[in-house]
Amino acid sequence: MAEHVTTVRDVAALRVARAGRVEKSGDPLRPFRLVDAHGTEVAAVSELLAWVRFLHAVEVPWYLASRVEARDFALWLKTTKKPPRQRRPDAPVPGSVNPITGKAAPGENYAARTRRHARAVIRSFYEYHRETHGRRLINPFPQGGAAEEGSPNAHHNPMQPFRAPPGGGPISPRNPSRPRGSFLTRHSTTCSPH
């Protein structure tokens, strides 16, 4: 890990560029956002902010949050609609499937990968405070399963097949299946390997 590296830096001579900024978003539900040097929103900050706002709504301080709040946050993210954004007049309807590529347009609700990323960001936040500051915190988003004990293949016997990694924590969102009738499914039978 980075904490154990013995590199010595001359931090007094280090020049840190003032890259990135906090800017107004025009969204009344999220009036400001943090962007990096390229103007791209820093998603981890926004996802952590959603957690802090959720905890404020349920009146639980961040350092007292438990797995009950984590469960409720996961359910809230799954059921709540994303803040409305301005769309082009010719933009596809949210959640519709492109008939050529089979790719779905972003839906009105948060995607499973977004919910998983938010869970990972919040889990890392709590682990950081536990490891760096020695705080006695319960991580509301446990890694879960065999992963808590390390890699399931840490002591792998080469004569045995690899074990599949755990499917995530107890409240980890699942990947959605590919829509039926997608482009690749429809056209894969018409292509001949010869």
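Biologist: Among contacts in the protein between residues at least 6 apart in sequence, what percentage join residues at least 24 apart?

Modeller: Keep in mind that this is a predicted model. Start with the contacts between residues at least 6 apart in sequence, then pick out those that join residues at least 24 apart. That share comes to 49%.

Biologist: How do helix 1 and helix 3 sit to each other: roughly parallel or roughly perpendicular?

Modeller: Helix 1 covers residues 43-57, and its axis is 9 Å from that of helix 3. The two pack at an angle of about 80 degrees. Angles of 65 to 115 degrees count as roughly perpendicular, so helix 1 and helix 3 are roughly perpendicular.

Biologist: By class, how many residues in the contact of helix 1 with helix 3 are nonpolar?

Modeller: Helix 1 brings Ala44, Glu47, Leu48, Trp51 and Leu55 to this contact. From helix 3 come Thr114, His117, Ala118, Val121, Ile122, Phe125 and Tyr126. Sort them by class and you find 1 charged, 2 polar and, for the class you asked about, 9 nonpolar.

Biologist: Now helix 1 and helix 2: is their crossing left-handed or right-handed?

Modeller: Helix 2 spans residues 67-79, and its axis lies 11 Å from that of helix 1, at an angle of about 110 degrees. That angle falls within 65 to 115 degrees, so this pair is roughly perpendicular too. As for the hand of the crossing, it's right-handed.

Biologist: And how many charged residues are in the contact of helix 1 with helix 2?

Modeller: On the helix 1 side you'll find Ala50, Trp51, Phe54 and Leu55. Helix 2 supplies Glu69, Ala70, Asp72, Phe73 and Trp76. That divides into 7 nonpolar and no polar residues, and the charged ones number 2.

Biologist: Let's look at a loop. Is Glu59 buried or exposed?

Modeller: Glu59 is in the loop between helix 1 and helix 2. Its phi is near 60 degrees, a positive value in a residue other than glycine. The relative accessible area of Glu59 is 72%, and the cut-off for that class is over 50%, so Glu59 is exposed.

Biologist: What about Arg115, buried or exposed?

Modeller: Arg115 belongs to helix 3. C-alpha to C-alpha, Arg115 is 8.9 Å from Glu47, although the two are 68 residues apart in sequence. Relative accessibility is 14% for Arg115, and the cut-off is under 20%, so Arg115 counts as buried.

Biologist: Last one, Asn139. Which residue's side chain makes a polar contact with the side chain of Asn139?

Modeller: Asn139 lies in the loop between helix 3 (112-133) and helix 4 (183-187), and it is buried, with a relative accessible area of 4%. Leaving aside neighbours within four places in sequence, Asn139 is in contact with Arg67, Arg123, Tyr126, Glu127 and Arg130. The side chain of Asn139 also reaches the backbone nitrogen of Phe141 at 3.0 Å. The side-chain partner you want, at 2.8 Å, is Glu127.

Key: Residues numbered from 1 in each chain as written. Predicted model: local features only at pLDDT ≥ 70, side-chain atom pairs only at ≥ 80, totals over all residues. Heavy atoms only, no water. Helix = DSSP H or I, 4+ residues; strand = E, 2+ residues; numbered from the N terminus. Buried < 20%, exposed > 50% of the residue type's maximum accessible area, 1.4 Å probe, protein only. Polar contact = N/O pair within 3.5 Å; in protein donor to acceptor, adjacent residues only side chain to side chain. Contact = heavy atoms within 4.5 Å. Axes fitted to C-alpha atoms, helices over the stretch in contact; angles between N-to-C directions. Parallel < 35°, antiparallel > 145°, perpendicular 65-115°, else oblique. Nonpolar A, V, L, I, M, F, W, Y, C, P; charged D, E, K, R; others polar. Left-handed = near helix turned anticlockwise from the far one by under 90°.
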